[in-house]
Amino acid sequence: MTTTPELGTRSLPLLLLGTESDPASERGVSCPGALPPASDPALVERARAAKAALGDQVFVLGHHYQRDEVIQFADVTGDSFKLARDAAARPQAPYIVFCGVHFMAESADILTADHQQVVLPDMAAGCSMADMATFDQVEECWEVLEEVGIADDVVPVTYMNSSADIKAFVGRHGGVVCTSSNARRALEWAYSKGSKVLFLPDQHLGRNTAVLEMGFSLDDCVVYDPHRPEGGLTPRQFRDARMLLWRGHCSVHARFTKASVDEIRSRVPDVNILVHPECRHEVVVEADYVGSTEYIIKTLAAAPAGSSWAVGTELNLVRRLANMHPDKNVMFLDRTVCFCSTMNRIDLPHLVWALESLAKGEVVNRIQVDEETAHYAKAALDQMLALP
Ligand code: SF4
């Protein structure tokens with residue numbers, strides 16, 4: 001076991017994984033054995049100069065899970081919901097640089113004006129959860145629902161963390177996009193339109209919302225596995241279920257377990273457990289507070305000095321919150337630390353490259369959703385923005 005590393009200006013009780021390969025790791029999770037390097041002063045200066053040269057021409061959006069070296073250049077920061085709304089807030093800026101992952105940049109392209117171009121500094125910044133539901137798999141699932149005779153009763157709901165293709169599929173079938181902030185409202189709306197919901201692609205958010213916020217039982221939920229014939233479900237299971245959960249998850253949040261909660265409760269007296277609803281059900285039921293990234297930020301801001309908090313979400317954000325609240329004992333929920341590796345793809349060299357290219361009039365790594373996909377995806381996004 002390694003010792004706790006230095007985290008910014010404060011130490012967190014963390015044990016990083018070693019530099020050898022991590023058998024428990026999977027795509028979407030980075031266990032590098034070291035924290036990201038401090039910002040290179042020369043690159044910081046180049047990013048500053050390029051952004052200053054662009055002035056109002058560029059609008060930089062930064063997701064909360066981004067590295068500090070990148071987030072310092074964001075004009076606005078937020079979770080995926082806030083950034084989707086903020087994307088359209090600067091219609092005069094021809095360039096939107098999205099420091100986040102691919103599906104977020106797609107949503108920004110859909111929600112901004114035609115003359116605005118969205119740039120993702122590194123095209124490899126995808127999302128393992130979004131990749132767990134492909135268009136062909138979801139089409140096939142819908143065919144199964146038709147064969148079983150329940151498709152007319154099903155309203156599809158997709159988490160923001162899905163590709164534009166999936167959002168368009170949902171829009172085409174009269175459904176809605178949701179985020180972790182409004183999942184309950186989206187589900188209530190969906191159940192006013194049909195008796196069943198197909199929830200894509202995060203089974204944990206769907207299950208946690210249905211069971212903990214809407215009074216469903218675990219038996220009301222079944223999991224559709226796109227890698228098994230008919231999703232691995234019998235016609236009877238399809239007919240009896242109220243909530244059809246897609247077998248997808250966030251590779252970062254799914255790492256937290258009940259054992260993480262038990263361990264920290266035994267180690268830190270009076271600790272408050274604060275987790276994101278992308279965590280497994282077994283973790284969420286043990287937590288004291290559950291909510292979206294924005295909820296986590298607000299809860300810690302309002303917490304009394306001297307209180308202890310174990311936070312179950314992405315490490316860049318937890319580390320930033322710990323530095324923002326030196327009067328509180330803020331720690332990562334698990335002693336084995338992993339970042340979202342795809343979020344971390346956006347680093348200072350990529351941001352500098354994107355900004356300097358734009359300053360020269362060259363648009364690199366443009367994210368552009370085709371017109372038809374954008375049309376139907378926007379229908380599902382607009383339905384979300386119109387939720388009460
Ligand atoms: S934290 Fe999870 S859901 Fe978010 S981008 Fe990374 S893998 Fe995707």
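Select strand β9 (residues 154–159) to begin: 6 of the 6 residues are buried, so this strand is largely enclosed by the rest of the structure. Strands here are DSSP runs of E with at least two residues, helices are runs of H or I with at least four, and both are numbered from the N terminus. A residue counts as buried if 20 or more other C-beta atoms lie within 10 Å of its own, as exposed if 12 or fewer do, and as partly exposed in between, with C-beta atoms placed from the backbone. The model is predicted: local features need pLDDT of at least 70 and side-chain atom pairs count only at pLDDT 80 or more, while totals for chains, interfaces and linings use all residues. Residues are numbered from 1 along each chain as its sequence is written.

Stay on β9 and show the side chains. V154, P156 and T158 point one way, V155, V157 and Y159 the other way.

Strand β11 (residues 196–200) pairs with β9 in the parallel sense over 5 bridges, and L198 in β11 is the bridge partner of P156. Strand β10 (residues 176–178) is also parallel to β9, over 3 bridges, and its C178 stands opposite Y159.

Now select helix α7 (residues 164–172). Together with β9 and β10, α7 makes a right-handed β-α-β unit; right-handed means that, with the strands pointing away from the viewer, the path from the first strand over the helix to the second runs clockwise.

Move to the open sheet of 5 strands, with the order β6-β5-β7-β8-β20 and mixed pairing. Its edge strands, β6 (76–78) and β20 (366–367), each pair on one side only. Within the sheet, β5 (residues 58–63) and β7 (residues 95–99) pair in the parallel sense over 5 bridges, and V60 has V97 in β7 as its bridge partner.

Last, select C127, C250 and C340, where UniProt places the feature "binding site" in an unreviewed entry. They span 214 residues in sequence, yet no two of their C-alpha atoms are more than 9.3 Å apart, so they gather at one spot. UniProt positions follow the numbering used here, feature names are shortened, and annotations may be inferred rather than shown by experiment.

C250 sits in the loop between β13 (243–246) and α11 (258–267), and is buried, with 26 other C-beta atoms within 10 Å. Leaving aside neighbours within four places in sequence, C250 is in contact (C-beta atoms, placed from the backbone, within 7 Å) with M129, D202 and E278. C340 is in strand β19 (residues 339–340) and is buried, with 27 other C-beta atoms within 10 Å.

Note on methods
Two residues are in contact if their C-beta atoms, placed from the backbone, lie within 7 Å. Two strands pair if DSSP finds at least two bridges between them.
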